[in-house]
Amino acid sequence: MSTTTLGFDELFAIGDMDAFLSKAQDKCRKKLRGKTFAGMEKNDVTQEVMIKLYKSLDKYDADKAKMSTFVDHLINNKIKDMYRKCMSEKNLSVVNAVQILSTDLDTDDENVNGASFVLGHEGYGFENFEFVTDIMDNMKLNDREKEIFKLRSSGYEFVEIAEILGVSKPRVSQLWKGIREKYEAL
């Protein structure tokens, strides 16, 4: 029988690590289809997942779960970790951000080039459309959720967002909870 038709449990049991890791890599790539990561290539994400899987194999306990379940959970969790890494302030300001204010500009206007999403960072404003687009596309946010996400990511409090949008603070909190649930479902 060809090892390509075997599942994770069988491949692990017979010790065919090359086929096992190849199958895991294919599964990871399928899960990444249609997703984007701010500042990271999908191959980098896949590599991080594979490293995590390889290092975690000694922690596998057949009494707790099937290997296929173990691999699936590990891939999902590492992908979520990579999204969190993409969302870190350090990553945003260093990898994905484009400085929109510079010392050469003869203007005091902080909304240079009509930037709608600006992260303040010690006196500098950063436009980060790539990050916002990646997150909103992958989370499948509706227009209202996108607007709340942009405002919240820009540092606005729920009360301020409610005033801007003309809704109640509890409504903004409810919508934010929905955004967080969509993120957790990634």
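Trainee: What should I know about the model first?
Mentor: It is predicted: local features need pLDDT of at least 70, side-chain atom pairs count only at pLDDT 80 or more, and totals for chains, interfaces and linings use all residues. Residues are numbered from 1 along each chain as its sequence is written, and side-chain values use heavy atoms, leaving out hydrogens and water.

Trainee: How are two packed helices described?
Mentor: By the angle between their axes and the distance between the axes. Here the axes of α7 (residues 143–153) and α8 (residues 158–165) come within 10 Å and cross at roughly 135 degrees. Axes are lines fitted to C-alpha atoms, for helices over the stretch in contact, with angles from 0 to 180 degrees between N-to-C directions. Helices are DSSP runs (H or I, at least four residues).

Trainee: Which residues of α7 and α8 meet?
Mentor: R144, E147, I148, L151 and R152 in α7 meet F158, I161, I164 and L165 in α8. Contact means heavy atoms within 4.5 Å.

Trainee: How is a pair of aromatic rings described?
Mentor: By the distance of the centres and the angle of the planes. Rings of Phe, Tyr and Trp (its six-membered ring) pair if their centres lie within 6.5 Å; planes under 30 degrees apart are stacked, over 60 edge-to-face, the rest tilted. The whole structure has 6 aromatic pairs. F8 and F20 are edge-to-face, at 5.4 Å centre to centre and 80 degrees between the planes.

Trainee: Are F8 and F20 buried or exposed?
Mentor: Both F8 and F20 are buried. Buried means under 20% relative accessible area, exposed over 50%, partly exposed in between (1.4 Å probe, protein chains only).

Trainee: Which rings form a cluster?
Mentor: Ring pairs link F8, F12, F20, Y60 and F70.

Key:
Helix = DSSP H or I, 4+ residues; strand = E, 2+ residues; numbered from the N terminus.
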